[in-house]
Amino acid sequence: MSQAKQGPLYGIGGVTLLTVLLVLCLTMFAVLALSSAQADRRLSEKNAKAVTAYYQADNQGVALMERAAELWPAGAARPAGEILAKELSAAFAAGYTVNAVEADEGLLLSAAIPVQENQVLRLALYLQPPEKPQRWEIRQWQVEPALQDESDAAFLPVWQP
Amino acid sequence: MKRQHSRSVVFLTEVLLALMIFAMCSSVCAGLLVRAYRLSKESGSLNQAVLVAQSGAEAFKNRPEAQAMALILQGVAEEGACRVYYDEGWQPTTAGGAAYILHIVPQQRASLRFAEILVSDSKGAEIFKLETSVWTGEEAS
């Protein structure tokens, strides 16, 4: 009688339980590792895209310098700021305008070239007369956040006593 | 006796089934882990390639001649272009042990000097590409 009751009851089903637990742990670990690697990959691609966008904007700035220098060749009189600005804006009308004003002997050019959705490359360049040894003086060449709309300020009303 | 025998059979069957299920699931998980490792390696390579390309671009802007760039970047000037060889750890090395290559090809148009910068692996597959330019004010001879 007692022999019939011998044998551990936990033997049946214990292995299955253990297997299920192991498989669950392994699957979760693998899925987490894959998810983390995919997130890393997306971040790397975003970084690469941002760097490419910066250098594209940088190249546009350099092209602007070349064109502006061509419009004021050696022996020619200083062009009017407005005319230069109009010529440059027409040549580089990719979502930004170029401003030019006469300053001292040269011309001060400014532009905000879009880099990405929320960033611009802000340029302030001083073009010297052709006879000067250093033609360009870079006063600003900086990536800045793009200006938000004025209406954004309305989201944070501050109580004034 | 008969009951014990049948319990052993059931237990062994259960163990076999559990082993089979574990083997199938672990093979799937191993595939996922291998894919995760490969993705992780690729994103590491891309990050380093971007940094190396940026260094190349800034070296070009500073000194747009192949010889000068080769000196700055610890590479070699070949046929008017600059090549820098990197090992698996992205350290400059010789052509023989290179796992990655930075290739800068400078060109000139009027007073503008521009360069195509390419980072590739030892098999020639492109990892990252960049174009940069600099105004020198010197007309091409």
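Which residue takes a positive phi in the hairpin of S4(B) and S5(B)? In this predicted model, that residue is Ala110(B), with phi near 55 degrees. Two residues lie between the strands of this hairpin.

The two strands run antiparallel. Strand S4 of chain B covers residues 100–109, and strand S5 of chain B covers residues 112–121. Ten bridges join them. Within this pairing, Val105(B) stands opposite Glu116(B) in S5(B). S5(B) also pairs with S6(B), again in the antiparallel sense, over nine bridges. Here Phe114(B) stands opposite Ser133(B) in S6(B). S5(B) and S6(B) form a hairpin too, with four residues between them. In that turn, Gly124(B) has a positive phi of about 90 degrees. In a regular strand, side chains alternate between the two faces of the sheet.

Aromatic contacts come next. A search of the whole structure finds four aromatic pairs over all chains. The rings of Tyr54(A) and Tyr55(A) form one of them, with centres 5.2 Å apart. Their planes stand at 80 degrees, so the pair is edge-to-face. Tyr54(A) is partly exposed, with a relative accessible area of 23%. Tyr55(A), at 2% relative accessibility, counts as buried.

Trp136(A) and Trp135(B) also form an edge-to-face pair. The distance is 6.4 Å centre to centre, and the angle between the planes is 85 degrees. This pair crosses between chains. Trp136(A) belongs to strand S4 of chain A, residues 136–145. Trp135(B) belongs to strand S6 of chain B, residues 126–135. Trp136(A) counts as buried, at 5% relative accessibility. Trp135(B) is buried as well, with a relative accessible area of 17%. In chain B, Tyr86(B), Trp90(B) and Tyr100(B) form one aromatic cluster.

Arginine side chains also meet aromatic rings in chain A. Arg135(A) lies over the face of Trp72(A), at 5.5 Å from the ring centre. Arg139(A) lies over the face of Tyr126(A), with a distance of 4.5 Å from the ring centre.

Charged pairs were searched in the whole structure, and twelve salt bridges were found over all chains. One of them links Glu45(A) and Arg41(A), whose closest N and O atoms are 3.0 Å apart. Both residues lie in helix H1 of chain A, residues 11–71. They are four residues apart, so about one helical turn separates them. Glu45(A) is partly exposed, with a relative accessible area of 39%. Arg41(A) counts as partly exposed at 22% relative accessibility.

Another salt bridge forms between Lys61(B) and Asp58(A), with the closest N and O atoms 2.5 Å apart. Lys61(B) lies in helix H1 of chain B and Asp58(A) in helix H1 of chain A, so this pair joins two chains. Asp58(A) is buried, with a relative accessible area of 2%.

The side chains of Arg109(B) and Glu66(A) also meet in a salt bridge, at 3.8 Å from N to O. This pair crosses between chains, from strand S4 of chain B to helix H1 of chain A. Elsewhere, salt bridges that share partners join Arg41(A), Glu45(A) and Glu42(B) into one network.

Helix H1 of chain B, residues 2–62, gives the largest share, three residues. Val10(B) is found in this helix. Val10(B) is partly exposed, with a relative accessible area of 44%.

Conventions: Residues numbered from 1 in each chain as written. Chains lettered and ligands numbered in written order. Predicted model: local features only at pLDDT ≥ 70, side-chain atom pairs only at ≥ 80, totals over all residues. Heavy atoms only, no water. Buried < 20%, exposed > 50% of the residue type's maximum accessible area, 1.4 Å probe, protein only. Phe/Tyr/Trp six-rings, centres within 6.5 Å; stacked < 30°, edge-to-face > 60°. Lys NZ or Arg CZ within 6 Å of the ring centre and 35° of its normal. Pairing = 2+ DSSP bridges. Salt bridge = Lys/Arg side-chain N within 4 Å of Asp/Glu carboxyl O.
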